[in-house]
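Please look over the chain shown below, after which the report moves from one residue to the wider picture.

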Amino acid sequence: MLTMFSISLLTLFICYIVMTLASLISKKTVFDREKNSPYECGFDPKGSARFPFSLRFFLIAVISLIFDVEITLLLPLASIFNVTKVFSWLLTSTLFLIILLLGLYYEWFQGALEWSK
């Protein structure tokens with residue numbers, strides 16, 4: 001009679017065999033040189049590090065990071081609606097959205113969102 005330990009080991013061994021076979025079967029056999037090379041911010045990472053770096057890539061990356069963080073700060077506003085008072089929730093969410101819009105308008109008027117400069 002099989003014990004629980006031996007059944008667990010047998011199940012683990014079967015899972016390992018199935019995952020190994022699936023990994024071997026699904027391997028890509030044709031390698032493309034361009035697809036396997038890294039792409040870093042519009043320049044060749046294997047080249048010289050002394051070439052000037054385009055600040056447009058950096059600026060767009062920072063703006064997208066800022067707005068991604070702001071979205072994660074907006075998500076809890078929906079979940080705390082039932083817990084807080086309506087006036088305080090409305091005031092907090094309105095002030096936060098006004099700050100976001102002011103930042104977006106500032107970036108827009110400064111020309112940071114224009115790529116073809």
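Leu21 belongs to helix 1, which covers residues 4–25; helices here are DSSP runs of H or I with at least four residues, strands are runs of E with at least two, and both are numbered from the N terminus.

Leu21 is also one of the residues in a nonpolar surface patch, together with Leu10, Phe13, Ile14, Tyr16, Ile17, Val18, Leu24 and Ile25, and the accessible area of this patch is about 950 Å² in total. Patch members have over 30% relative accessible area and no salt bridge, with nonpolar side chains (Val, Leu, Ile, Met, Phe, Trp, Tyr) joined within 5 Å and like charges within 9 Å. A salt bridge means a side-chain nitrogen of Lys or Arg within 4 Å of a carboxyl oxygen of Asp or Glu.

## Basis of the model

The model is predicted, so local features need pLDDT of at least 70 and side-chain atom pairs count only at pLDDT 80 or more, whereas totals for chains, interfaces and linings use all residues. Residues are numbered from 1 along each chain as its sequence is written, and side-chain values use heavy atoms, leaving out hydrogens and water.

## Glu70 in helix 3

Glu70 sits in helix 3, residues 55–79, and is buried, its relative accessible area being 17%. Apart from neighbours within four places in sequence, Glu70 is in contact (heavy atoms within 4.5 Å) with Phe96 and Leu100. Glu70 and Leu100 are 30 residues apart along the chain, and their C-alpha atoms are separated by 7.9 Å.

## The chain as a whole

The protein chain has four helices and zero strands, and buried residues account for 6% of its 117 residues. Its accessible surface is about 10,700 Å², with 73% belonging to carbon and sulfur atoms, as computed by the Shrake-Rupley method with a 1.4 Å probe.

An unreviewed UniProt entry annotates residues 6–25, 57–81 and 87–108 as "transmembrane region", although such annotations may be inferred rather than shown by experiment. In the model, residues 6–25 are 100% helix, with end C-alpha atoms 28 Å apart, and residues 87–108 are 100% helix, with end C-alpha atoms 31 Å apart.

How values were computed: Buried < 20%, exposed > 50% of the residue type's maximum accessible area, 1.4 Å probe, protein only.
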